[in-house]
Amino acid sequence: MFKWFTLVFTLFYLIFIFLLLLKILKIYEDENLRITEKAYSKSFQDLLYSIRSQKHDYFNHIHVLHRLIINGNYNEAVKYIDFTCSDIIYTQELIKINNLPISALLNAKFEIAKSKKILFNLNINQQLPVSLKIKSFELVRVLGNIIDNAIEEEMRSNKSEKKIDIKIDCFMDAYLVISVWNKNSFISQDTMRKICKEGFSTKDSFKNKGLGLSIVSKILRDYNGHLDIESSIENGTTFSIFIPY
């Protein structure tokens, strides 16, 4: 009885999320009409397409779940819910960011990581503050560069489990903190001291093409921000962006 109740509750929850996505899609489409930056247009369209696809797929998901429940295939229904909810959760995290250029960027990187079989997680504890002075295109440049490096490092690894986690949070109600962690890379302390210097070659250490961390650091300094790096063989590498607001 409890399992049946759980599955029915989940079915209604999915219907609610579907209706919520309809509303969100309308908001995003209206906002997209006001976007003039050509640099963002493709990413915005990709994000809108992703939301539209989820809206369309919900009809199919609900039909499949209905048939599984009616036929008593409860275990299969639970597995199917787990599979479909991952994309729902990701979309909800994107919406929480409250910044269309960054949401579009993260959605594009999510699709790239997914195509390369890299698990890509988002944890949004803080919306991007309206008072944030850094321009959106500059933040896209900073964050996109760091995520690209993380994806490349995961692709270079011969480990079967590849993973990237992105967390958006605040520090002391004064700094926006965006952390990008990837599982399968290591940067030595000596390399950390040099890696953000212009012209530094990572050919023999952190073998990424076009790291651009000197540019990242310069942009952050222009807004009184900074970049922190933590790395260990056991726990991978984390790049944390701190920007005051």
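## The overall layout

Helices and strands here are DSSP runs, numbered from the N terminus. With that in hand, the protein chain reads α-α-α-α-β-α-β-β-α-α-β-β along its sequence. That comes to seven helices and five strands. Keep in mind that this is a predicted model.

The chain has 245 residues, and buried ones make up 44% of them. Now take the contacts between residues at least 6 apart in sequence: 67% of these join residues at least 24 apart.

## A pair between a helix and a strand

How many aromatic pairs does the structure hold? There are three. One of them brings F110 and F120 together, with ring centres 6.3 Å apart and planes at 70 degrees. Planes over 60 degrees apart count as edge-to-face, so that is the label for F110 and F120.

F110 sits in helix α4, which covers residues 100–115, while F120 belongs to strand β1, residues 119–124. The pair therefore ties together parts that are 10 residues apart in sequence.

## A pair between two strands

Next up are F171 and F242. Their ring centres are 6.3 Å apart and their planes stand at 90 degrees, so this pair is edge-to-face too. Here both partners come from strands: F171 from β2 (residues 163–171) and F242 from β5 (residues 236–244). This time the parts tied together are 71 residues apart in sequence.

F171, at 40% relative accessibility, falls in between and counts as partly exposed. F242, at 14%, counts as buried.

Which residues make the nonpolar surface patch? They are F12, I15 and L19, and the patch spans about 290 Å². To find F12, look in helix α1, which runs over residues 2–33. F12 has a relative accessible area of 56%, so it counts as exposed.

Notes: Residues numbered from 1 in each chain as written. Predicted model: local features only at pLDDT ≥ 70, side-chain atom pairs only at ≥ 80, totals over all residues. Heavy atoms only, no water. Phe/Tyr/Trp six-rings, centres within 6.5 Å; stacked < 30°, edge-to-face > 60°. Helix = DSSP H or I, 4+ residues; strand = E, 2+ residues; numbered from the N terminus. Buried < 20%, exposed > 50% of the residue type's maximum accessible area, 1.4 Å probe, protein only. Patch = residues over 30% accessible without salt bridge, like charges linked within 9 Å, V, L, I, M, F, W, Y side chains within 5 Å. Areas by Shrake-Rupley, 256 points an atom, 1.4 Å probe, with all protein chains shown as cover. Salt bridge = Lys/Arg side-chain N within 4 Å of Asp/Glu carboxyl O. Contact = heavy atoms within 4.5 Å.
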